[in-house]
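Let's take a walk through this fold together. Have the viewer open and follow along.

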Amino acid sequence: MASSREYAMDKKQYMRLMTTTLTTPYIYYNEASGINEEAKSLLVAANGAFEKQDIPRTTELYKQALEKHPNSPELLSNMGAIIAAQGAVAEGLSLLKKATEKDGQSVGAWYNLGTLFLVHSANDQAVEPLKKAIALNPENPAGYNNLGIAYMQMHKIADAKEQFEKALSVHLSFDYAYHNLGALSYDQDNLDEAATYFHKALEINAQNFASLNDLGCVSYKAGKTEEAISLFKKSIEANPSYRLPYFNIGLVSVVDALV
C-alpha cells in the first residue's frame with residue numbers, strides 16, 4: 001500500500017492547478033443613431049450610471065430607453081448584454097438576435113451575441129457571430145481574442161493561436177492576448193513559452209491578476225514553490241475577489257506538506 005508521501009509525490013506530478021483564460025467583456029453603446037430625444041436622454045443617464053457601476057440603475061434606464069425606441073439595434077444590444085450578464089440568458093439572447101436582425105452591420109450586437117455563447121460554453125455557436133463582428137471591424141482585438149478562446153475550448157489549438165496573434169497584430173499592447181497565448185502554451189506543457197507570454201502580459205499590465213496566478217502555476221510546475229506562492233499572493237493583492245490563487249495556495253500547501 002502506498003504511503004501518504006508516495007501518494008502526494010504522485011499527486012504533485014499530475015495535480016491540476018487552476019488557471020484561466022481572459023475573455024473580453026460585452027460592448028455597450030454610449031450613443032444610438034436615429035433614436036428620439038426621450039430615448040437619447042435616458043441613454044445619457046444610463047451612461048452615467050454605468051460609469052458609477054450602478055448596474056441595477058443602468059439596466060432600468062436601458063429598459064426605459066428601449067421602451068421609447070424599441071427598434072434601436074444599439075439599445076437592443078445594450079439591454080441584451082446587460083441582462084445576460086446578470087443571468088437572464090434566454091432573454092438576453094433573444095434581444096441580441098433581434099439587434100442583429102434590425103441591423104446586420106451592428107458590430108457590437110454580433111460581438112455580444114458571440115461573447116454570450118462563449119461565456120456559456122456554446123463555443124461552436126460563438127464562432128460565426130464573432131467572425132461577423134471581426135469582418136465588420138477588423139481593427140478591434142476583442143473579437144479575435146474571444147474567437148481564439150472559442151477555438152481553444154474546441155481544442156483547435158492552431159486556430160486559437162492564430163486569433164490571439166491577430167489580436168496582437170492590431171493592438172500590440174493587448175495584455176489579454178499575451179495572457180491567452182500563455183494559457184494555450186501552459187495547456188500544452190510548454191512552460192518556458194507560457195512564462196514568456198505571461199511576463200509580456202505583466203509588462204503591459206503589472207496588475208493582471210490572471211497572469212500573476214498562471215505564472216505562479218508555471219513556477220510551481222517548474223519546481224519553484226516559494227516563487228509560485230509569492231505570485232499567487234500578488235494575484236490576490238491585485239484582485240482579492242479572484243478565487244483561483246486561493247485554491248492554488250491551498251492545494252500547493254497540502255501537497256507539499258505531505259511530501
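This is a predicted model: local features need pLDDT of at least 70, side-chain atom pairs count only at pLDDT 80 or more; totals for chains, interfaces and linings use all residues.

Residues are numbered from 1 along each chain as its sequence is written, and side-chain values use heavy atoms, with hydrogens and water left out.

Start with the overall picture. The chain has 14 helices and zero strands, where helices (H or I, at least four residues) and strands (E, at least two) are DSSP runs, numbered from the N terminus. Along the principal axes, the C-alpha atoms fill a box of roughly 70 × 35 × 35 Å. Of the 259 residues in the chain, 48% are buried; buried means under 20% relative accessible area, exposed over 50%, and partly exposed in between, with a 1.4 Å probe and protein chains only. Now look at contacts, meaning heavy atoms within 4.5 Å. Among those with a separation of 6 or more, 56% join residues 24 or more positions apart.

Next, the inside. A nonpolar core here is a set of buried Ala, Val, Leu, Ile, Met, Phe, Trp, Tyr and Cys residues joined through side-chain atoms within 4.5 Å. The largest one has 57 residues, and Tyr62, Leu75 and Met79 have the most contacts inside it. Helix H6 (residues 107–119) gives the most to this core, with eight residues. Zoom in on Leu75: leaving out residues up to four places away in sequence, Leu75 touches Ala32, Ile35, Ala39, Leu43, Ala65, Leu66 and His69. Apart from that core lies another, of 19 residues, with Phe198, Phe232, Leu251 and Val255 among them.

Now for a helix pair. Two packed helices are described by the angle between their axes and the distance between the axes. The axes of H10 (residues 175–187) and H11 (residues 191–204) come within 8 Å and cross at roughly 165°. Those axes are lines fitted to C-alpha atoms, for helices over the stretch in contact, with angles running from 0 to 180 degrees between N-to-C directions. Which residues of H10 and H11 meet? On the H10 side they include Tyr178, Leu181 and Tyr186, and on the H11 side they include Leu191, Tyr197 and Phe198. By class, this contact has ten nonpolar, three polar and three charged residues. Here Ala, Val, Leu, Ile, Met, Phe, Trp, Tyr, Cys and Pro count as nonpolar, Asp, Glu, Lys and Arg as charged, and the others, Gly among them, as polar.

Between H10 and H11, check the loop for Asp189. Asp189 has a positive phi of about 65° although it is not a glycine, and at 52% relative accessibility it counts as exposed. His155 sits in the loop between H8 and helix H9 (157–170). Its phi is near 65°, a positive value in a residue other than glycine, and His155 is exposed at 67% relative accessibility.

Finish in helix H8 (residues 141–153), where you'll find Gly143. Is Gly143 buried or exposed? Gly143 is buried, with a relative accessible area of 5%. Not counting residues up to four places away in sequence, Gly143 touches Tyr111 and Ile134. Gly143 and Gln163 are 20 residues apart in sequence and 8.8 Å apart in space, C-alpha to C-alpha.
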